[in-house]
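Please have a look at the model on the screen before I start talking about it.

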Amino acid sequence: MGMHVHVADHPLISHKLSLLRDQSTPSPVFRALTSELVTLLAYEATRHIRVEDREIVTPVTTMTGKKLAKPRPVVVPILRAGLGMLEGMVQLLPSAEVGFLGMVRNEETLQPSVYAERLPENLADRQCFILDPMLATGGSLLQAINFVFDKGATEVTAVCLLAAPEGLAAIEKATQGRDVSIVLGALDEKLNDRGFIVPGLGDAGDRLYGTVGQFTET
Ligand code: PRP
């Protein structure tokens, strides 16, 4: 069982991602674009979500329809930046349960550490969707994937807006034999020596929640 990577190939996604990358895009627009991109990526990320049969009655006849299977899927945004992807995802999956993981990457060592954790106790048989806009060295996502596997999950899909090839390779190597899928808006060129994705979009957490660039009150 290998890691499955899907890179979105869609003109609307490229269009919105280009606006997101643009350094002059202010936080409110950045947040709106992130949300729209998640909705588009969620379509692909949920391609293998489990459903079961359900008898329904249409105005014309009865038929066997589908409904999402139990237990409910779990969505895990990685704070801070992953929070910007939560609303778009749960709009598409309103019955999902949401667990939270707070992680921060040390800017010198690039090592991630966990500062908050609130996940359902037992993830056995739950389909888990991890949200984080950036997959750079892959350290944060790998730690998040290991967290949910340690709680019994067997199937994890990560949704990221951008990734660097180095980070993808690191995750692939470290999760061999496990069921891991990664859905990406784009696969960028490389990491720079500060562990930033190139060309990238800068620091997604700062751009979503506020400390970068000019901000004009509206
Ligand atoms: C950023 C980003 C990812 C992580 C990616 O978070 O949102 O979580 O770094 O880097 P990695 O693949 O090398 O681990 P950051 O630590 O800046 O925290 P924030 O989301 O609170 O801004």
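Let me begin with a question: does Arg-50 count as buried, partly exposed or exposed, and what is its relative accessibility? Arg-50 counts as partly exposed, at 32% relative accessibility, and please keep in mind that we are looking at a predicted model.

Arg-50 also forms a salt bridge with Glu-155, in which the N to O distance is 3.1 Å. Because Glu-155 belongs to strand S10 while Arg-50 sits in the loop between helix H2 and strand S2, this pair ties together parts that are 105 residues apart in sequence.

A second pair is Arg-126 and Glu-97, whose closest N and O atoms are 2.7 Å apart. Arg-126 is buried, with a relative accessible area of 10%, whereas Glu-97 is partly exposed at 24%. Salt bridges with shared partners also join Arg-50, Asp-125 and Glu-155 into one network, and the structure holds 12 salt bridges.

Now to the chain as a whole, which has 6 helices and 13 strands. Its radius of gyration is 18 Å, close to the 17 Å that the globule rule gives for 218 residues, so the chain is as compact as a globular protein of that length. Buried residues make up 44% of the 218 residues, and among contacts between residues at least 6 apart in sequence, 69% join residues at least 24 apart.

Terms used:
Residues are numbered from 1 along each chain as its sequence is written. This is a predicted model: local features need pLDDT of at least 70, side-chain atom pairs count only at pLDDT 80 or more; totals for chains, interfaces and linings use all residues. Side-chain values use heavy atoms; hydrogens and water are left out. Helices (H or I, at least four residues) and strands (E, at least two) are DSSP runs, numbered from the N terminus. The radius of gyration is taken over C-alpha atoms; the globule rule is 2.2 Å times the number of residues to the power 0.38. Buried means under 20% relative accessible area, exposed over 50%, partly exposed in between (1.4 Å probe, protein chains only). Contact means heavy atoms within 4.5 Å. A salt bridge is a side-chain nitrogen of Lys or Arg within 4 Å of a carboxyl oxygen of Asp or Glu.
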